[in-house]
Amino acid sequence: YQGASYLGSGNGFVVSPTSTTVYTAYCTISGCTSATGRNVTVTVNAAPSAPTTATASPATICSGDNSSLSATGCAGGTIDWYQGASYLGSGNGFVVSPTSTTVYTAYCIISGCTSATGRNVTVTVNNNPTATFTNDSPVCSGTDVNFTITTSASNSWTLYDPSFSFVASGSGNSIETVLALSGNYTLDLV
């Protein structure tokens, strides 16, 4: 019973109250019902609000790097992280390593209740730059070398000699410099 309203019978009777509700159990044997019943209270906690903010640090990464997810606005609760419908884990400082741009959603959990909506944060993943050289033929030491870099993105670059000493830096697709040492040069693209 709920107040004077009969609900049903049997153990394991399922209820879905929307607010805290008192239910009363009576015992019936051979058509006779107990004069008094036993009360049980089902406490319904309000669902918490969605987190106020969700952030990624850094928000933009290169493929293979990590980002740390954090959310605010869930006082007294915990933050659960999802990617679509997939649960990933909980807590602030949750580390992800997406291979492509991904949206993560933070939900607030308080007293076992989950916020009806979440707060999204996007981690943008840039492909790692690549470079090819149009002039990689042998040259004489101290000779000017002009070669073109073709990259997968617009990049700044730094050139290092075989001893990893700085040679030159710049941006764009063309480098003209004097290579003083024989060996393999390293080109860092940013």
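Residues are numbered from 1 along each chain as its sequence is written, and side-chain values use heavy atoms, with hydrogens and water left out. Because the model is predicted, local features need pLDDT of at least 70 and side-chain atom pairs count only at pLDDT 80 or more, whereas totals for chains, interfaces and linings use all residues.

**Overall composition**

The secondary structure comprises zero helices and 19 strands. Helices (H or I, at least four residues) and strands (E, at least two) are DSSP runs, numbered from the N terminus. Of the 190 residues of the protein, 25% count as buried. Buried means under 20% relative accessible area, exposed means over 50%, and partly exposed lies in between, with a 1.4 Å probe and protein chains only. Among contacts between residues at least 6 apart in sequence, 46% join residues at least 24 apart; a contact means heavy atoms within 4.5 Å.

**Nonpolar cores**

A nonpolar core is a set of buried Ala, Val, Leu, Ile, Met, Phe, Trp, Tyr and Cys residues joined through side-chain atoms within 4.5 Å. The largest such core has 16 residues, of which L69, W81, Y104, V121 and V123 touch the most other members. Two or more residues of this core come from each of β5 (53–57), β7 (67–72), β8 (78–83), β10 (94–96), β11 (102–110) and β13 (119–126). Another core, of six residues, lies apart from it and includes W157, L179, L187 and L189.

The surroundings of V121 can be listed individually. Not counting residues up to four places away in sequence, V121 touches A54, T55, A56, L69, W81, T102, V103 and Y104.

**The β5-β7-β10 sheet**

Three strands form an open sheet in the order β5-β7-β10, with antiparallel pairing. Two strands pair if DSSP finds at least two bridges between them. The edge strands are β5 and β10, each of which pairs on one side only. From one strand to the next, the twist averages 30°; axes are lines fitted to C-alpha atoms, for helices over the stretch in contact, and angles run from 0 to 180 degrees between N-to-C directions. Strands β5 and β7 run antiparallel and are joined by five bridges. T55 has S70 in β7 as its bridge partner.

**Backbone features in loops**

A cis peptide bond joins S57 and P58, with omega at about -5°. P58 is found in the loop between β5 and β6 (60–62).

Two serines have a positive phi. For S30, phi is near 50°, a positive value in a residue other than glycine. S30 is found in the loop between β2 (28–29) and β3 (32–33), and S30 is exposed, with a relative accessible area of 77%. For S111, phi is likewise near 50°. S111 lies in the loop between β11 and β12 (113–114), and S111 is exposed at a relative accessible area of 59%.

**Aromatic pairs**

A search of the whole structure finds four aromatic pairs. Rings of Phe, Tyr and Trp (its six-membered ring) pair if their centres lie within 6.5 Å; planes under 30 degrees apart count as stacked, over 60 as edge-to-face and the rest as tilted. Two of the pairs are tabulated below.

| Pair | Centre to centre | Angle between planes | Class |
|---|---|---|---|
| Y1 and Y26 | 5.3 Å | 85° | edge-to-face |
| Y82 and Y87 | 5.5 Å | 65° | edge-to-face |

Y1 is partly exposed, with a relative accessible area of 35%, and Y26 is partly exposed at 36%. Ring pairs also link Y1, Y6 and Y26 into a cluster. In the other tabulated pair, Y82 is partly exposed at 23% relative accessible area, and Y87 counts as partly exposed at 46%.

**Surroundings of T24**

T24 lies in strand β1 and counts as buried, at 15% relative accessibility. Not counting residues up to four places away in sequence, T24 touches Y1, G37, R38 and N39. With N39, the side chain of T24 makes a side-chain to side-chain polar contact of 2.7 Å. A polar contact is a pair of N or O atoms within 3.5 Å; within protein, one must be able to donate a hydrogen and the other to accept it, and residues adjacent in sequence count only if both atoms are side-chain atoms.
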